[in-house]
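Student: I would like to learn how to read a structure from its strands, cores and ring pairs. Where do we begin?

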Amino acid sequence: MGTFFSEPGWLCLTVTAVLGGTILCKLKTSPGQVGRKVVCLAGLWGGACLISLSLFWGLVLFSLSYFIMYTYFSGQELLPVDQKAVLITGCDSGFGHGLAKYLDELGFTVFAGVLDEQGSGAEELRRTCSKHLSVLQLNITNTQEIQEAYSKVKEKVQNKGLWAVINNAGVLGLPTDGELIPMTEYKRCMAVNFFGAVEVTKAFLPLLRKSKGRLVNISSMAGGVPMQKMAAYGSSKAALIMFSSILRQELSKWGVKVSVIQPGGFKTNISGTSQMWETLERTVLDNLSLEVQEDYGQDYILSERSLLRLMKTCTDPDISPVLLDVRHAISAQSPFAFYAPGKLSYPWLCFASFSPTGIFDYLSRKIHSYDKKMPRVLSTSNWENEAM
């Protein structure tokens, strides 16, 4: 009690109040998760009041906090839009569709790449957006379409250059045990989620280097947090994170800044429809050996569809945190290398990175305890005896 009400204790409390007020003022104008780490800083300072032993150390902590706050906020001012040109892939629906509309409203010149330029998503963009938005046919697994899109963008931006490329297009595949996922699904996830993004990036980098612009890759929390049933999807997103991290270092000499967005659970069309899942289930069953089918059982394999219902009910329909983080990544003077929009994305990424493996695996099993279904062989009473 004596320390808390001492001179350095009151100093810490005063500085905490000042820092907290500054943070709250900044958060009113800062998009996405900009203030999340700074809030932690203010909390740490508040805790420092409990261990401050002298006025000297109080002043040292104050000076350090002030320096960190100044450094942090000095790079968070947003650059003027000024009709900067951005390319977004995967704009048929989901994040890409929302981003195209949002950035168009802010005044960017938007090139919206779509898988089907005659589809409903593309038509809606043409109908609702301004004349500064152009819809491009862009299947990112098709080299010819990538080159055609590059030619159209280069012709339109001319000497102004392309300010940002946002690699958003992606596929989920069928979430199920890694042993059950067909190799065709592993290859499809890599083709779209990784190789497609790499090829688009390589094609448009000359324009980004010219403008000293931004490269933003939409990965996933599953790229940094091992998640059961997501072996194909998570692996492809993890590859995209590593690719982005290496390019962030290599492109710094050109003045190009690279950011990765790792969203948590948001409701988009990436989970697909029931008809798509039926097709994937048939593909799984057709590609399994007789031995694997016998061990897992058809009932277990088909029960994986329950995850689709869970994804639809437990995900957040409000994608605005993702939109705000992308805006910050392409507009801030000093964008972050990583963003984690979503209620639990940032804590989970930290926990997966720093917690002991045993603790993480235990918690993961507890979280997945909703899935009571077991493979056929494991559900038989004599399995353990046979294994012995």
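The dialogue below goes from the overall counts to one strand, then to the cores and the aromatic pairs.

Tutor: This is a predicted model, in which local features need pLDDT of at least 70, side-chain atom pairs count only at pLDDT 80 or more, and totals for chains, interfaces and linings use all residues. Residues are numbered from 1 along each chain as its sequence is written, and side-chain values use heavy atoms, with hydrogens and water left out.

Student: How many helices and strands are there in the protein?

Tutor: Helices (H or I, at least four residues) and strands (E, at least two) are DSSP runs, numbered from the N terminus. The protein has 16 helices and 7 strands. Of its 388 residues, 47% count as buried, where buried means under 20% relative accessible area, exposed over 50%, and partly exposed in between (1.4 Å probe, protein chains only).

Student: Which strand is largely enclosed by the rest of the structure?

Tutor: In a regular strand the side chains alternate between the two faces of the sheet. Here the case is strand E2, residues 109-114: 6 of the 6 residues are buried, so E2 is largely enclosed by the rest of the structure. Thr109, Phe111 and Gly113 cover one side, and Val110, Ala112 and Val114 the other; all are buried.

Student: Which strands are joined to E2 by bridges?

Tutor: Two strands pair if DSSP finds at least two bridges between them. Strand E1 (residues 85-88) runs parallel to E2, with 4 bridges, and Ala85 has Thr109 as its bridge partner. Strand E3 (residues 133-137) also runs parallel to E2, with 5 bridges; Phe111 stands opposite Ser134 there. Between E2 and E3 the chain passes through helix H5 (residues 120-128) in a right-handed β-α-β crossover. Right-handed means that, with the strands pointing away from the viewer, the path from the first strand over the helix to the second runs clockwise. E1, helix H4 (residues 94-106) and E2 also make a right-handed β-α-β unit.

Student: Which residues have the most contacts inside the largest nonpolar core?

Tutor: In soluble globular proteins, nonpolar side chains tend to be buried together. A nonpolar core is a set of buried Ala, Val, Leu, Ile, Met, Phe, Trp, Tyr and Cys residues joined through side-chain atoms within 4.5 Å. The largest one has 35 residues, and those with the most contacts inside it include Leu87, Phe111 and Phe204. Helix H7 (183-211) is one of the elements that give two or more residues to this core, and H7 gives the most, with 11 residues. Leaving aside neighbours within four places in sequence, Phe204 is in contact (heavy atoms within 4.5 Å) with residues including Leu87, Ile146 and Val165.

Student: What angle lies between the planes of Phe95 and Phe266?

Tutor: A pair of aromatic rings is described by the distance of the centres and the angle of the planes. Rings of Phe, Tyr and Trp (its six-membered ring) pair if their centres lie within 6.5 Å; planes under 30 degrees apart count as stacked, over 60 as edge-to-face and the rest as tilted. The structure holds 9 aromatic pairs. Phe95 and Phe266 are edge-to-face, at 5.9 Å centre to centre and 75 degrees between the planes. Phe95 lies in helix H4 and Phe266 in the loop between strand E6 (257-261) and helix H9 (274-287), so the pair ties together parts that are 171 residues apart in sequence. Both Phe95 and Phe266 are buried.
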